[in-house]
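Subject: A structure for you to look through

Hello,

Please find the structure we talked about just below, and keep it open while you read.

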Amino acid sequence: MMKWLDRFPLLWLVVLAVWMAVAPITPEPHLIEKLRMLGNGTLSRPIDIFDLCLHAAPLLLLVLRLSRRLSRKSDTL
């Protein structure tokens, strides 16, 4: 089911994840702003929730990809 993620080039996934995590750089990255709002309990507007999902999705995909890669390596040992 997740073979499509294994086929995605790791370098491009890292670049996309870093880019979306820091965009826009000024005045503050959206991901940091939305996580702060989530922690404060003020993340309630649909656009803010969408923005959090949009900026966090590549990071989650990268974590999934790396965990699948590590689990496959541990299975072969």
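Where does Pro 27 lie? Pro 27 is in the loop between α2 and α3, where helices (H or I, at least four residues) and strands (E, at least two) are DSSP runs numbered from the N terminus. The peptide bond that leads from Thr 26 to Pro 27 is cis, with omega near -5 degrees. Pro 24 belongs to the loop between α2 and α3 as well, and the peptide bond from Ala 23 to Pro 24 is also cis, with omega near -25 degrees.

Before going further, please note that this is a predicted model, in which local features need pLDDT of at least 70 and side-chain atom pairs count only at pLDDT 80 or more, while totals for chains, interfaces and linings use all residues. Residues are numbered from 1 along each chain as its sequence is written, and side-chain values use heavy atoms, with hydrogens and water left out.

The overall picture

The protein chain has four helices and zero strands, and along the sequence its pattern reads α-α-α-α. Its radius of gyration is 15 Å, well over the 11 Å that the globule rule gives for 77 residues, so the chain is more spread out than a compact globule; the radius is taken over C-alpha atoms, and the rule is 2.2 Å times the number of residues to the power 0.38. Along its principal axes the C-alpha trace spans about 45 × 25 × 20 Å. Of the 77 residues, 25% count as buried, where buried means under 20% relative accessible area, exposed means over 50%, and partly exposed is in between (1.4 Å probe, protein chains only).

Helix α2 has 13 residues and reaches 19 Å from its first C-alpha to its last, close to the 18 Å expected at 1.5 Å a residue, the expected span being 1.5 Å times one less than the number of residues. Leu 13, Ala 17, Met 20 and Ala 21 are buried in α2. These residues cover an arc of only 100 degrees around the axis, which puts them on the same side of α2; the arc is that of the directions from the helix axis to the C-beta atoms.

Phe 8, Leu 11, Trp 12 and Val 15 make a nonpolar surface patch of about 440 Å². Patches are made of residues with over 30% relative accessible area and no salt bridge, with like charges joined within 9 Å and nonpolar side chains (Val, Leu, Ile, Met, Phe, Trp, Tyr) within 5 Å, and the areas come from the Shrake-Rupley method with a 1.4 Å probe, where for residues only the protein chains shown count as cover. Phe 8 sits in the loop between α1 (3-7) and α2 (10-22) and counts as partly exposed, at 35% relative accessibility. Val 15 is in helix α2, and Val 15 is also partly exposed, with a relative accessible area of 43%.

In α3, the buried residues are Leu 31, Lys 34 and Met 37. Seen down the axis of α3, they fall within an arc of 125 degrees, so they line one face of the helix. Gly 39 and Asn 40 are exposed on the other side of α3, and Gly 41, which follows α3, has a positive phi, near 80 degrees.

How many salt bridges does a search of the whole structure find? The search finds five, a salt bridge being a side-chain nitrogen of Lys or Arg within 4 Å of a carboxyl oxygen of Asp or Glu. Arg 68 forms one of them with Asp 6, with the closest N and O atoms 2.7 Å apart. Arg 68 lies in helix α4 (residues 46-76) and Asp 6 in helix α1, so this pair ties together parts that are 62 residues apart in sequence.

Glu 33, Lys 34, Arg 45 and Asp 48 are linked in a network of salt bridges. Within it, Lys 34 meets Glu 33 at 3.9 Å, N to O, and the closest N and O atoms of Asp 48 and Lys 34 are 2.9 Å apart.

Best wishes
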